[in-house]
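Me: Please take a close look at one part of this model for me. I would like to follow the sheet and what surrounds it, step by step.

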Amino acid sequence: MSPAHTAVTAATEIGLPGECRAVNTVLTRIGDKWTVLIVMMLADGPRRFNELKRAIGGISQRMLTLTLRGLERDGLVTRTVFPTIPPRVDYALTDLGHSLLVPVRALGGWAFEHIPTIEAARDAFDKRDD
């Protein structure tokens, strides 16, 4: 038995591995559970750090800081420092961040719509393993 097609273009020749890595870094950022929650919290306008921390239950100060820095680095969030005493820092979505709301809301809507089906599938799977 011999292969019928031997002239296979290497993925590196068409640039896929690099593009896949680039897409992976973006999907890793926007697929993070804290990112989704922060983006949704900022949908209605700027918020202060502690306001975000209170609104997002279970997130540590360190994780909130790291996630906000990552979002700022990726151009999804802006950080504005106001020269008051104590300093006031607001976080807001950029235009790019606002554009992320469309797929995030669509994915959330899909999840809500399919929760019963997913829960039924989980129950069936768990019963099968018993």
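**Strand 3 and its surroundings**

Reply: In strand 3, arginine 88 is the bridge partner of phenylalanine 82. Keep in mind that this is a predicted model.

Phenylalanine 82 belongs to strand 2, which covers residues 77-82. Strand 2 and strand 3 run antiparallel, and six bridges join them. The two strands form a hairpin, with five residues between them. Another pair of facing residues is threonine 78 and alanine 92, the latter in strand 3.

Now turn to strand 1, residues 47-48. Strand 1 also pairs with strand 3 in the antiparallel sense, over two bridges. Here arginine 48 has aspartate 90 of strand 3 as its bridge partner.

How covered is strand 3? Strand 3 spans residues 88-93, and five of its six residues are buried. Buried here means under 20% relative accessible area.

Next comes the core. The largest nonpolar core has 20 residues. Ile38, Leu42, Leu64, Leu68, Val77 and Tyr91 touch the most other members. Strand 3 supplies at least two residues of this core, and so does each of helix 2 (33-41), helix 3 (49-55), helix 4 (61-73) and helix 5 (95-129).

Follow valine 77 for a moment. Leaving out residues up to four places away in sequence, valine 77 touches Leu42, Leu71, Glu72, Tyr91, Ala92, Leu93 and Thr94. Tyr91 and Leu42 are on that list, and both are also among the core residues that touch the most other members.

Helix 2 and helix 4 pack at an angle of about 75 degrees, and their axes are 10 Å apart. Angles of 65 to 115 degrees count as roughly perpendicular, so helix 2 is roughly perpendicular to helix 4. Helix 2 makes the contact with Trp34, Thr35 and Ile38. Helix 4 brings Met63, Leu64, Thr67, Leu68 and Leu71. By class, the contact has six nonpolar residues, two polar residues and no charged residues.

How values were computed:
Residues numbered from 1 in each chain as written. Predicted model: local features only at pLDDT ≥ 70, side-chain atom pairs only at ≥ 80, totals over all residues. Heavy atoms only, no water. Buried < 20%, exposed > 50% of the residue type's maximum accessible area, 1.4 Å probe, protein only. Helix = DSSP H or I, 4+ residues; strand = E, 2+ residues; numbered from the N terminus. Pairing = 2+ DSSP bridges. Core = buried A, V, L, I, M, F, W, Y, C linked by side-chain atoms within 4.5 Å. Contact = heavy atoms within 4.5 Å. Axes fitted to C-alpha atoms, helices over the stretch in contact; angles between N-to-C directions. Parallel < 35°, antiparallel > 145°, perpendicular 65-115°, else oblique. Nonpolar A, V, L, I, M, F, W, Y, C, P; charged D, E, K, R; others polar.
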